[in-house]
Amino acid sequence: MGKEELKELLNKLPVATTEPVRPGLAEDIKRQIPQKLSPHRGGINTINIIIDFRINKLAAAAAIIITIIFCATFLGGRDSTGGSVLQDSMLLIKYLGAADASVISAGRSKYEHLLERGEDVVWYGDRLSPKDSNAVLMQRKLDDGMYEVMFIDGREKQVTTEELLQLLTRMLQKKAK
Amino acid sequence: MTVKKVNLTEQDFDLAHPINKLRELNEPKEHPEQRQNSLARRLRVSDHAAAVELVDIYYKQIYLFLRRLGHDRQASEDLTQESFLNAWHHISQLRDGKSLNGWLYRVAGNVSKLYWRKHKGKKTATLEGFDTPDTTNAQDDKVERNEQLEQLKNAVARLPIKLRQTIVLHYIQQLTIAESADAAGTREGTFKSRLNRALAALRKQVT
């Protein structure tokens, strides 16, 4: 069949493929109109936009985390690299199933920040496997002689010198195996 | 101002296209783009009357769009309601009046896509349809034309969903290429290429 002939035939389809619509349908739909159509929901919309753009899960998690850190910093409540926000972010990354490599890179950012501030910190992340959940990612010496250690799964804990030694020894033994 | 009255039969009144034509004749002349912009603006500020107007303008078109995509009557009614529900919930994504058509059809298209995903293997339904108005007097011509039309309807129904959607949007729902591409969630180039593939497939099947 010729192109023009087909197009002519196609133009008849709107009428040829029409049927009566149930009269009550419009009323059924109108009854479901909410009083307020859709309040602007920034957070939900951001998530929808991210889903619409089909950004992968890791990028979506990163975007959400950046938004959280940005808000927390500007609302003045929390130090964005001081611990809790970072820790929450890491847990969120883990919850979303993103790679553990993201936890290491987030820890690395914290380490560099602390180093710039002149803190006594040691970084072990370069030699670790992300699979070892009890591995120590970083240690930081506190003013009272205790150490704050960050594990590879994002947990933080204050330990004494002896406990730190035990943790590091255990880590080295696992690595030797 | 005098309003031109047009007499319509009950059957005509159920057609989506004639009713829109009637509206155009009976309503004060307002530029369609202005009207759509005003409707979109009112929808964005959650105007209930605008929502009612949207239903009045589009419910038949959306129902028939879903029917033409191959859903049966009941499913099409349910999916029409679901499309409008989704539209209310995502009203903030509506940009301006220009995109109103494409946006609403995209919402309906997505609802349809989800339905097919949930009901894999379900057969597509056909529309019973009306007799096609024919201007030719010759009985043989009319019979042959109707046969071709029947072949074409079946061929459209057999097309893969993406190609079928392009034909339905552009030729049957009579959206422009830009609106159809928006409704299909693709770029205009992609849409045109799909349309050409669909036309080629139909040409092979209709003799």
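**View 1. B:Gln174 counts as partly exposed, with 16 C-beta neighbours inside 10 Å.** Partly exposed lies between buried (20 or more other C-beta atoms within 10 Å of the residue's own) and exposed (12 or fewer), with C-beta atoms placed from the backbone. The model is predicted: local features need pLDDT of at least 70, side-chain atom pairs count only at pLDDT 80 or more, and totals for chains, interfaces and linings use all residues. Residues are numbered from 1 along each chain as its sequence is written, while chains are lettered from A and ligands numbered from 1 in the order in which they are written. B:Gln174 sits in the loop between α8 and α9 (177-184) of chain B. Helices are DSSP runs (H or I, at least four residues), numbered from the N terminus. Phi of B:Gln174 is positive, near 60 degrees, and the residue is not glycine. Most residues other than glycine have a negative phi.

**View 2. B:Ser46 lies in the loop between α3 (32-44) and α4 of chain B.** B:Ser46 is not a glycine, yet its phi is positive, about 65 degrees. B:Ser46 is partly exposed, with 18 other C-beta atoms within 10 Å.

**View 3. Chain B meets chain A through 45 residues of chain B and 30 of chain A.** Contact means C-beta atoms, placed from the backbone, within 7 Å. On chain B, α2 (16-26), α4 (48-68), α5 (73-89), α7 (139-158), α8 (161-172) and α10 (188-205) each supply at least two residues of the side that touches chain A. α4(B) gives the most to this side, with 11 residues.

**View 4. The side of chain B that touches chain A has 23 nonpolar, 13 polar and 9 charged residues.** Nonpolar covers Ala, Val, Leu, Ile, Met, Phe, Trp, Tyr, Cys and Pro; charged covers Asp, Glu, Lys and Arg; the others, Gly among them, are polar.

Definitions and conventions:
Two residues are in contact if their C-beta atoms, placed from the backbone, lie within 7 Å.
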